[in-house]
Amino acid sequence: MIRIGLGRDIHRLVCERPLLLGGIVVPADKGEDGYSDGDVLIHAVIDALLGAAGRGDIGELFPPSDPAWKDACSQELLRRSFEQVKKAGYALVNLDCVVSCELPKIAPYRKAIRASLAALLAVDIEAVFVKGKTNEGCDSVGAGEAIEALAVCLLERV
Ligand code: MG
């Protein structure tokens with residue numbers, strides 16, 4: 001049996017915060033605001049994985065109302081979420097992601113982001129892909145005020 005999952009997240013971009021994408025710091029003038037460390041890509045990936053496994057969503061597992069998740073490390077949230085997915089009897093086949101922002105360009109960091117996500121999920125780098133897109137100047141992402149991530153994953157029953 002195979003199952004597809006979809007995840008999306010958006011964070012405001014602010015000065016004096018690092019830009020975290022998939023567990024690495026990408027050099028940029030602004031980074032994600034957020035209750036956790038703000039890694040928008042990991043948050044989208046978590047929701048894709050949990051959704052595919054039918055195990056809830058990031059807000060349900062790690063509610064912002066719980067002080068335990070203040071400044072939480074998104075990599076740790078991903079590890080915990082993926083544990084749930086594996087416990088439900090699934091393995092990750094592949095993960096595909098889109099990061100939308102005006103700046104910085106994602107392409108130079110793509111391989112490092114893919115490697116980081118692949119390491120966190122203990123899969124081959126070929127199972128993880130990441131694309132960067134601009135928003136062509138439209139909306140909050142296009143104005144450089146926000147960054148958005150989409151993730152889709154395929155799980156198989158093991
Ligand atoms: Mg988020």
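Helices (H or I, at least four residues) and strands (E, at least two) are DSSP runs, numbered from the N terminus. Strand β7 in this sense holds V152. The model is a predicted one, in which local features need pLDDT of at least 70 and side-chain atom pairs count only at pLDDT 80 or more, while totals for chains, interfaces and linings use all residues. Residues are numbered from 1 along each chain as its sequence is written, and side-chain values use heavy atoms, with hydrogens and water left out.

**Nonpolar core**

- A nonpolar core is a set of buried Ala, Val, Leu, Ile, Met, Phe, Trp, Tyr and Cys residues joined through side-chain atoms within 4.5 Å.
- Buried means under 20% relative accessible area, exposed means over 50%, and partly exposed lies in between (1.4 Å probe, protein chains only).
- The largest nonpolar core has 44 residues, of which L21, L41, L49 and L95 touch the most other members.
- At least two residues of this core come from each of β2 (19–21), β3 (24–26), α1 (40–53), α3, β5 (90–100), α4 (110–121), β6 (128–133) and β7.
- Helix α1 gives the largest share of this core, eleven residues.
- In soluble globular proteins, nonpolar side chains tend to be buried together.

**Nonpolar surface patch**

- Patches are made of residues with over 30% relative accessible area and no salt bridge; like charges are joined within 9 Å, and nonpolar side chains (Val, Leu, Ile, Met, Phe, Trp, Tyr) within 5 Å.
- Accessible areas come from the Shrake-Rupley method with a 1.4 Å probe, and for residues only the protein chains shown count as cover.
- I4, L6, L150 and V152 make a nonpolar surface patch of about 390 Å².
- The elements giving two or more residues to this nonpolar patch are β1 (2–14) and β7 (146–157).
- V152 counts as partly exposed, because its relative accessibility is 34%.

**Salt bridges**

- A salt bridge is a side-chain nitrogen of Lys or Arg within 4 Å of a carboxyl oxygen of Asp or Glu.
- Six salt bridges are found in a search of the whole structure.
- One of them joins R8 and E148, whose closest N and O atoms are 2.8 Å apart.
- This pair links distant parts of the chain, with R8 in strand β1 and E148 in strand β7, 140 residues apart.
- R8 is partly exposed at a relative accessible area of 46%, whereas E148 is buried at 17%.
- K70 and D71 form another salt bridge, with 3.5 Å between the closest N and O atoms.
- Both partners are partly exposed: K70 has 43% relative accessibility, and D71 has a relative accessible area of 47%.
- E83 and K86 also meet through their side chains in a salt bridge (3.3 Å, N to O).
- E83 and K86 are three residues apart in helix α3 (residues 74–87), so about one helical turn separates them.
- E83 counts as partly exposed at 41% relative accessibility, and K86 counts as partly exposed at 40%.

**Aromatic pair**

- Rings of Phe, Tyr and Trp (its six-membered ring) pair if their centres lie within 6.5 Å; planes under 30 degrees apart count as stacked, over 60 as edge-to-face and the rest as tilted.
- One aromatic pair is found in a search of the whole structure.
- The ring centres of F62 and W69 are 4.9 Å apart and the planes stand at 80°, so this pair is edge-to-face.
- F62 and W69 are buried.

**Cysteines**

- A disulfide is a pair of cysteine sulfur atoms within 2.5 Å.
- The count of disulfides by this rule is zero.
- C101 is in no disulfide, and the nearest cysteine sulfur, that of C97, is 14 Å away.
- C101 counts as buried because its relative accessibility is 2%.
- The closest cysteine sulfur to that of C153 is in C97, at 9.1 Å, which is too far for a bond.
- C153 is buried, with a relative accessible area of 3%.

**Sequence and space**

- I2 has its place in strand β1 and counts as exposed at 59% relative accessibility.
- I2 and L154 lie 152 residues apart in sequence, yet 6.8 Å apart in space, C-alpha to C-alpha.
- Y35 is in the loop between β4 (31–32) and α1, and is partly exposed with a relative accessible area of 31%.
- Y35 and M1 are 34 residues apart along the chain, and their C-alpha atoms are separated by 36 Å.
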